[in-house]
Amino acid sequence: MPSVLQLALVSFGLLHTTIARPASSWYQASVGIPWQVVLESDIGDLNLPVDVYDIDLFTTPQSTIDQLHSNGKQVLCYFSAGTYEPNRPDSAELLADSADLGNTLSGWPDERWLNIRSDKIVSIMKARIDTAVSKKCDGLDPDNVDGYSNDNAGGFTPGLSQSDSVAFLQTLSTYAHSVGLGIGLKNAGDIVQDTSSFLDWVVNEQCVQYGECATFRPFINAGKPVFHIEYKNQSPNITDDCHGANTASFSTVIKPDESSIPKDLIPCT
Ligand SMILES: *[C@@H]1O[C@H](CO)[C@@H](O)[C@H](O)[C@H]1NC(C)=O
């Protein structure tokens, strides 16, 4: 006969799957905290003087995530939420229904836009969030949520819209928060106003280069960080990259170029 404790654990397990955690139980980063982002498999120094590491959900070994945690770091796990990529463990599932696959991404010939309105795609992305839970990530960096403004709105009929992206992110964030993970926006400046209330941060690339850093400030105003990347080969003036217009309180890193996001970190000076 099960003990009271065992019964309690069973009921907790059942409840846990159906009831969202209270609002304070996922990672919410502070404005201006330093970070590192490495999307290649060689993460390099795991104990840089930063609070947050953003690393690849699939290629980063568990031992690396565990070491980051023992070094006191918070770990954001990057995955592509809005595109098909080859060589991911679940790539074949994304290919199962050709109606879910749109145009090839300009500049990224291996990737195709996904129909983020599709229940099947949403459930695959929820499974990726489950993987992030099992790997003990603290938060999520879901990329490619701006298909509405790229490659002919993803190449779908009707095209992907801003409201499709907002709805997709609402679904993913509700799920992420229910399993204890923070979640951010990636670029997608057009939907900052519609998402800064419920997402926990934004990861931006190249706002200094494109003169659009003010677009991301609603996150700062909501007490949430802007994790900001400039690429030195495209925006070579470090002073501007680190202290350009409207970047006050941003968490800035400079990377050599956007093709791979290696461990190399050019410091703001
Ligand atoms: C870099 O930008 C700063 C601020 O805009 C400017 O004062 C400086 O001259 C620039 N440096 C170079 C090498 O262009």
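Guide: A salt bridge is a side-chain nitrogen of Lys or Arg within 4 Å of a carboxyl oxygen of Asp or Glu. The model shown here is predicted.

Visitor: What makes R117 and D164 a salt bridge?

Guide: The closest N and O atoms of R117 and D164 are 3.0 Å apart, and the cut-off is 4 Å. The pair therefore meets the rule. R117 sits in the loop between β6 (108–114) and α4, while D164 belongs to helix α5, 47 residues apart.

Visitor: How many salt bridges does the rule give?

Guide: The count comes to seven salt bridges. One of them joins R88 and D56, with closest N and O atoms 2.9 Å apart. R88 lies in the loop between β4 (83–84) and α3 (91–94), and D56 in strand β2 (residues 52–56), so the pair ties together parts that are 32 residues apart in sequence.

Visitor: How do you know whether R88 and D56 are buried or exposed?

Guide: The relative accessible area of R88 is 15%, and that of D56 is 2%. The limit for buried is under 20%, so R88 is buried and D56 is buried.

Visitor: What makes E205 and K186 a salt bridge?

Guide: Their closest N and O atoms are 3.6 Å apart, and the cut-off is 4 Å. E205 lies in strand β10 and K186 in strand β9, so the pair ties together parts that are 19 residues apart in sequence. Both count as buried, E205 at 17% and K186 at 6%. Elsewhere, salt bridges that share partners join D56, E85 and R88 into one network.

Visitor: Why are β9 and β12 said to stand at the edges?

Guide: The open sheet has four strands in the order β9-β10-β11-β12, with parallel pairing. β9 and β12 (251–255) each have a single partner strand, so one side of each is left without a neighbour in the sheet.

Visitor: How do you know that β10 and β11 pair?

Guide: Two strands pair if DSSP finds at least two bridges between them. Strand β10 (residues 202–205) and strand β11 (residues 226–231) have four bridges, in the parallel sense. N204 stands opposite H228 in β11.

Visitor: Which residues have the most contacts inside the largest nonpolar core?

Guide: They are F79, M125, L140, F168 and L185, in a core of 56 residues. Helix α4 (residues 119–134) gives the most to this core, with six residues. A second, separate core of 14 residues includes W35, V52, W201 and I229. As for F168, the residues it touches include A81, I116, V122, M125 and V145, leaving aside those up to four places away in sequence.

Visitor: Which peptide bond is cis?

Guide: The bond from T157 to P158 is cis, with omega near -5 degrees. P158 lies in the loop between β7 (139–143) and α5 (162–178).

Conventions:
Residues are numbered from 1 along each chain as its sequence is written. This is a predicted model: local features need pLDDT of at least 70, side-chain atom pairs count only at pLDDT 80 or more; totals for chains, interfaces and linings use all residues. Side-chain values use heavy atoms; hydrogens and water are left out. Helices (H or I, at least four residues) and strands (E, at least two) are DSSP runs, numbered from the N terminus. A nonpolar core is a set of buried Ala, Val, Leu, Ile, Met, Phe, Trp, Tyr and Cys residues joined through side-chain atoms within 4.5 Å. Buried means under 20% relative accessible area, exposed over 50%, partly exposed in between (1.4 Å probe, protein chains only). Contact means heavy atoms within 4.5 Å.
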